[in-house]
Amino acid sequence: MTEIILQTTLNAVYAASYMSLIAVGLVLIFGVMGVINFAHGELYMAGAYTVVALYSHLNFPFLIAVAAGLAFVGLLGILMEYSLFRPLRDNPLGGLIASIGFLLMLQTAAVLGFGVRMAHIKPPIQGKIELLGAVLTYQRFLVIAAAILLLTGLYLFLRKTKIGWAMRACAQDREAAALQGISLNQITRIAMFIGASLAGVAGALTAPLVSPTPYMGHSVIVTAFIIIIVGGIGHLEGAVVAAVLYAFVHTFVTTFYDGVVADIVGLVLMLLVLVIKPTGLFGARERA
Amino acid sequence: MLLEIRDIQVHYNGVAALKRVSIEVPVDGIVTIIGANGAGKSTTLRAVSGLTAISSGEIWFDGARIDTLPPDKVVARGIAQVPEGRRIFPDLTVEENLRTGAYLRTDAAAVERDLDGIFVRFPRLKERRRQWAKTLSGGEQQMVAIGRALMAKPRLLLLDEPSMGLAPVVILEIARIIKEIVANGVPVVLVEQNAELALGLANYAYVLETGTVSLHGASRDLHENEHVKRAYLGV
Ligand SMILES: Nc1ncnc2c1ncn2[C@@H]1O[C@H](COP(=O)(O)OP(=O)(O)OP(=O)(O)O)[C@@H](O)[C@H]1O
Ligand SMILES: [Mg+2]
């Protein structure tokens with residue numbers, strides 16, 4: 001029994017890791033720009049397909065492909081900011097709808113380039129850690145370590161650097177930030193790069209574990225929304241805590257009951273939070 | 001003139017909020033803009049700071065046209081604004097709020113000195129420097145907002161209703177601070193609904209009524225003007 005619990009815990013930590021990366025990116029984009037990026041799941045998918053292309057097809061080393069996924073999806077983010085969100089800056093609903101259009105374009109591009117079938121990727125890293133009978137593959141360990149590293153890096157960036165500081169100011173009051181001389185164009189561009197690249201790197205790192213399809217973004221975006229609502233919209237730390245909470249609940253319920261029940265429990269969790277504390281566990285402040 | 005607003009118009013969704021407004025601000029002293037709710041006072045300051053686009057006219061600062069610049073570039077030219085409602089960053093500390101004001105400055109040592117200067121001027125803020133800004137009282141928040149603008153080392157300071165929602169004794173303190181700022185060589189544009197306060201502080205005044213300047217002149221003269229007395233001074 002302890003074996004199963006330990007194993008399930010490791011599985012949950014793994015799920016929490018990549019979901020945190022995705023959810024935090026989404027929150028960052030929402031916080032700084034005020035738009036909900038519906039294409040976020042497809043950015044995750046684009047990261048996974050970067051690995052399919054570079055690692056599976058062109059035989060580049062896995063970590064190079066992951067780095068390329070991070071950079072490529074980050075640039076996709078900048079493209080979105082420049083072509084969609086900037087012209088629609090005063091129109092958050094328009095930004096949301098434009099991001100749905102972008103989602104369809106990314107999906108179509110993936111279908112045209114790689115087909116609709118699942119891409120199977122040979123495991124780049126063999127081996128596993130065994131711990132009291134539970135197993136953690138190096139591949140999953142890599143995802144966990146990368147998530148901890150990247151999220152810690154992001155935290156330090158937001159707290160310690162001038163740009164990070166400006167980003168927090170923008171998330172709290174964009175106009176007031178502009179009145180301090182902070183360039184909204186620069187900050188939103190950087191936020192979009194970081195937010196998108198976190199989704200991209202999550203997709204790239206998990207690609208060998210999930211068998212990418214062009215439609216893999218769907219389930220991810222739904223989960224990310226649940227996490228954001230539970231954590232408190234616009235709250236970065238809340239997103240991480242909620243990702244961990246959600247991953248544990250979902251993984252344990254999946255293991256001991258089944259996946260459908262787990263999805264339902266996840267939604268019930270979200271509804272409970274909405275009823276009891278509509279601003280999320282961390283009580284994000286209302287946006288002006 | 002340091003700042004010249006020439007014949008500007010601003011439209012919100014096709015509706016004119018400013019209709020050919022012209023205002024001049026000299027290199028020293030206080031110019032005030034008074035007017036009722038919705039007259040267009042905030043819109044005027046927002047246009048200067050680049051937050052709201054003008055549909056015609058020109059804005060000149062220190063010999064250069066600034067009406068097409070984005071807000072951060074206007075700050076870079078030397079115009080700081082304390083916006084209506086203070087708009088401090090609630091989830092930054094008092095000290096962090098003040099430091100954002102110096103965002104564009106590169107003279108790190110002078111920034112530290114100016115920060116100390118702000119804490120001398122506002123001892124209440126010094127005690128609370130590590131506190132979240134949202135936990136401050138209204139008067140303290142206004143001081144943070146003014147301190148933050150001063151941290152930019154501006155050449156012109158725009159103040160939008162600094163007295164709003166404050167107790168009379170706090171208003172007196174704000175008035176003292178404004179005088180001090182001007183005495184230190186930074187000219188001020190003061191937008192106020194509290195006409196008594198504004199005319200008492202300012203050298204020159206503009207009266208804005210539904211998007212047009214209806215009157216302007218030395219504050220002293222406007223203070224005695226019958227229309228101003230009736231409409232804004234409540235006598
Ligand atoms: N963002 C906006 N969208 C549409 N109309 C606006 C907007 N901001 C201001 N207005 C309108 O423009 C006019 C001028 O508003 P403004 O805020 O400049 O007035 P004000 O003189 O500052 O008033 P107050 O003393 O109440 O602050 C008003 O009729 C207002 O309704
Ligand atoms: Mg106003």
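Trainee: How many helices and strands are there in chain A?

Mentor: Keep in mind that this is a predicted model. Chain A has eleven helices and two strands. Reading from the N terminus, the order is α-α-α-α-β-β-α-α-α-α-α-α-α.

Trainee: Why is A:T223 called buried?

Mentor: The cut-off for buried is under 20% relative accessible area. A:T223 comes in at 14% relative accessibility, so A:T223 counts as buried. You'll find A:T223 in helix α9 (residues 217-231) of chain A. Leaving out neighbours within four places in sequence, A:T223 is in contact with A:M19 and A:Y246.

Trainee: Why is B:G50 called partly exposed?

Mentor: Partly exposed is the range between buried, under 20%, and exposed, over 50%. B:G50 has a relative accessible area of 23%, so it is partly exposed. B:G50 sits in the loop between α1 (41-49) and β4 (56-61) of chain B.

Trainee: Which residues does B:G50 touch, not counting those up to four places away in sequence?

Mentor: B:L69, B:P71 and B:V74. B:D67 is worth a look as well: B:G50 and B:D67 are 17 residues apart in sequence, with their C-alpha atoms 6.7 Å apart in space.

Trainee: How much of each chain counts as buried?

Mentor: For chain A, buried residues make up 50% of the 288. For chain B, 54% of the 235 residues count as buried.

Trainee: What makes a set of residues a nonpolar core?

Mentor: Its members are buried residues of types such as Ala, Val or Tyr, joined through side-chain atoms within 4.5 Å. The largest nonpolar core here has 94 residues, and A:Y18 and A:V51 touch the most other members. Helix α1 (residues 2-33) of chain A gives the most to this core, with 16 residues. There is also a second, separate core of 49 residues, including B:A80 and B:L222.

Trainee: Which residues does A:V51 touch, not counting those up to four places away in sequence?

Mentor: Among them are A:F62, A:I121 and A:A207.

Trainee: What do the surfaces look like, and how much of each belongs to carbon and sulfur atoms?

Mentor: Chain A has an accessible surface of about 12,700 Å², 72% of it from carbon and sulfur atoms. Chain B exposes about 10,100 Å², with carbon and sulfur atoms supplying 52%.

Trainee: How far apart are the positive and negative charges, on average position?

Mentor: In chain A, the centres of the 15 positive and 11 negative side chains lie 9 Å apart. In chain B, the mean positions of the 28 positive and 28 negative charges are 3 Å apart.

Terms used: Residues numbered from 1 in each chain as written. Chains lettered and ligands numbered in written order. Predicted model: local features only at pLDDT ≥ 70, side-chain atom pairs only at ≥ 80, totals over all residues. Heavy atoms only, no water. Buried < 20%, exposed > 50% of the residue type's maximum accessible area, 1.4 Å probe, protein only. Helix = DSSP H or I, 4+ residues; strand = E, 2+ residues; numbered from the N terminus. Contact = heavy atoms within 4.5 Å. Areas by Shrake-Rupley, 256 points an atom, 1.4 Å probe, with all protein chains shown as cover. Lys, Arg positive; Asp, Glu negative; His and termini not counted. Charge placed at Lys NZ, Arg CZ, Asp CG, Glu CD.
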